[in-house]
Amino acid sequence: MNRRMGTRLLWAVLAGAAADLAGLGLIAAAAWLITRAAQQPGLAALSVAIVATRAFATSKGVFRYAERLTGHDVALRAQAGTREQLYRALIPPQRPRHGGADLLSRMVDDTEAVQDLLVRCLLPAAAAALAGLAAVVIGLTILPVTALVLVAGLVVAGVALPAGTAAAARRWSARIAPARAALAGRVADLVHGSADLAAYGADEEALAKALAADESLAALERRQARVHAAALAGGTLVQGLTVAAVVLLAQGAGAGSVATAVLALTALVAFEPVLPLAAAGERLAGITAALRRLREVRSATPAVAEPARPAPRPEAPLTVEIDDLVVRHPAATTGTSAGASTRAALDGVSLTLTPGRRVAIVGPSGAGKSTLLAALMRLVEPESGSIRVNGVDVRDLDGDDVRTLMTGLTQDPYIFRASLKDNLRLAGPEASEEELERAVREARLDGWVKRTGWDAELGEDGRTVSGGQLQRLALARALLYDPPVLLLDEPAEALDEETADRLMGDLLDVTRDRTTLLVTHRLKGLESVDEVVVLEEGRVIQRGRHDELVSVPGYYRDLWESEVLTRR
Ligand code: ADP
């Protein structure tokens, strides 16, 4: 938090305290006025109290308004700052360490904790402390012993009780959070897996499990609510006992009725800002947990280190040299062979992409094909070996710069809930109409665009997009972005035979003369690429032109023959 925010926060605390003090003054002055008026003195004797009562009543509202205004201003600024930091932490497209839904909830709920911390906990606590102090001072000046009782009561209601509720809330949330996650998981299964559940007659059982999860969550929440209610009642009880004690002490000490009334009502009002602190303590447990999660995201170590050196200009022809590359993914935490280092995902791969050259990577699943693309896009850090673009090691370049040079079709392209045009524009915000038209034409998407229109809404709830259209849209994006080196990861994955064939045919057409690295499991058409590299368990087991590879026994020829066979 910077100094300006600190000053704003101070103003908010002062305004809050002033509002509480005005409330206190209002009651003290009114109590004095009423009891004194009952003694029927001359009007002159009451005039100061009358003016004071009016002034306190008016200023209380003004101060409260000022507190809300400045307090929320600070809180919303702090929340916006936190969101910004979070966005920044997320910008490097590292492999996400948190799932999408989890991250979304951090973005929305957890950053609101920052606001709650200020508005619901810190500000009220500070204002309550100041108001309590003022009430104690009033007590001290009238009858010191009542001040002692008041301090004791305020400490119990304002410190002990909130500390208790905070501790209880931590314990409860440790039990409720997993129960809620379990329910969310069951419900997600029901929603997303409904077709499979129905197909295998498992829907009744899944529904029963969801209901059971719901019931156990509800039981926990009911018990938590009971504890919550008991804490709030406890606060009111302490307030009542304190006021009663003050009255008894004042009467015992022979204080007059005016002084007794002032002391009693001051004590009563001093509790008003203190009582909500028990609920604030309860909220604090959730807030600290949220802040801890935010810190986790912000401090997640980037997957790659990024010293920045100017990257080669994107327009320049690029040569990419991969030399003896070894990449090892961090061992999964749930691995069975704990301690043992994992097998290298890439183990000594060398490859050169000169301008205009097209290389296809094939190999069984798990061979390391995606890892190679990830290393090129600087999403994973190699253990040894090097990747150089025009002679510069990518480790010396900024990851974002590297991705302006080498990027392309991701394995799982995403359609945003936006118009078709905006979905394309993602890859070229400045693109002209002609450039958009060309990308669409090259991706052979022009027929579809003509039918649906540029403004057709896609994505969730929008028009459904077929697998083939999705891949072509992704291809159009890549063509629009037009990186010097085009990376294509399994573009025909999950498409039916005919669609896949057409897509691959078009793709091989349009990438002619573009520097391209194509990961694929379909060999048809690969006779047009310059080199095919066969990976297995992270190593290059075969490489050469398609014709050469089909003429010698090995993985490639087997795959080719089985592909030809299944084609009829
Ligand atoms: P392919 O794309 O050829 O199917 P990958 O590059 O995805 O292969 O995977 C190569 C190896 O690295 C596999 O053994 C896989 O389990 C492992 N691997 C891939 N990504 C990760 C990751 N993020 N964390 C840990 N291991 C991974």
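The questions and answers below concern a predicted model.

Reader: Which helices each supply at least two residues of the nonpolar patch?

Author: The nonpolar surface patch covers about 600 Å² and is made by L10, W11, L14, L130, L133 and V137. Each of two helices supplies at least two residues of this patch, and these helices are α1 (3-38) and α3 (100-142).

Reader: Does L10 count as buried or exposed?

Author: L10 lies in helix α1 and is one of the residues that make the nonpolar patch. A residue is called exposed when its relative accessible area is over 50%. The relative accessibility of L10 is 51%, and therefore L10 counts as exposed.

Reader: How much of the area that the ligand exposes when taken alone does the protein bury?

Author: Several polar atoms of the protein lie by oxygen atoms of the ligand: a polar side-chain atom of R343 is 3.2 Å from one oxygen atom, and a backbone N or O atom of K369 is 2.9 Å from an oxygen atom of the ligand. For S370, a polar side-chain atom lies 2.7 Å from an oxygen atom of the ligand. Taken alone, the ligand exposes 550 Å², and the share of this area that the protein buries is 63%.

Reader: How many residues of the shell around the ligand are nonpolar, polar and charged?

Author: The ligand is surrounded by 13 residues, and the closest of them are G366, G368, K369, S370 and T371. When the residues of this shell are divided by kind, they come to 4 nonpolar, 6 polar and 3 charged.

Reader: What is the distance in space, C-alpha to C-alpha, between D412 and P491?

Author: D412 is found in the loop that runs between β6 (406-409) and α11 (420-425), and with a relative accessible area of 66% this residue is exposed. In sequence, D412 and P491 are 79 residues apart, while in space their C-alpha to C-alpha distance is 9.0 Å.

Reader: Is T515 buried or exposed, and which residue has the backbone nitrogen that its side chain reaches?

Author: T515 has its place in strand β8, which comprises residues 515-519. Buried means a relative accessible area under 20%, and T515 is buried because its value is 6%. At a distance of 2.9 Å, the side chain of T515 reaches the backbone nitrogen of G356.

Notes: Residues are numbered from 1 along each chain as its sequence is written. This is a predicted model: local features need pLDDT of at least 70, side-chain atom pairs count only at pLDDT 80 or more; totals for chains, interfaces and linings use all residues. Side-chain values use heavy atoms; hydrogens and water are left out. Patches are made of residues with over 30% relative accessible area and no salt bridge: like charges are joined within 9 Å, nonpolar side chains (Val, Leu, Ile, Met, Phe, Trp, Tyr) within 5 Å. Accessible areas come from the Shrake-Rupley method with a 1.4 Å probe; for residues, only the protein chains shown count as cover. A salt bridge is a side-chain nitrogen of Lys or Arg within 4 Å of a carboxyl oxygen of Asp or Glu. Helices (H or I, at least four residues) and strands (E, at least two) are DSSP runs, numbered from the N terminus. Buried means under 20% relative accessible area, exposed over 50%, partly exposed in between (1.4 Å probe, protein chains only). A residue is near a molecule or strand if one of its heavy atoms lies within 4 Å of it. A polar contact is a pair of N or O atoms within 3.5 Å; within protein, one must be able to donate a hydrogen and the other to accept it, and residues adjacent in sequence count only if both atoms are side-chain atoms. Ala, Val, Leu, Ile, Met, Phe, Trp, Tyr, Cys and Pro count as nonpolar, Asp, Glu, Lys and Arg as charged, and the others, Gly among them, as polar.
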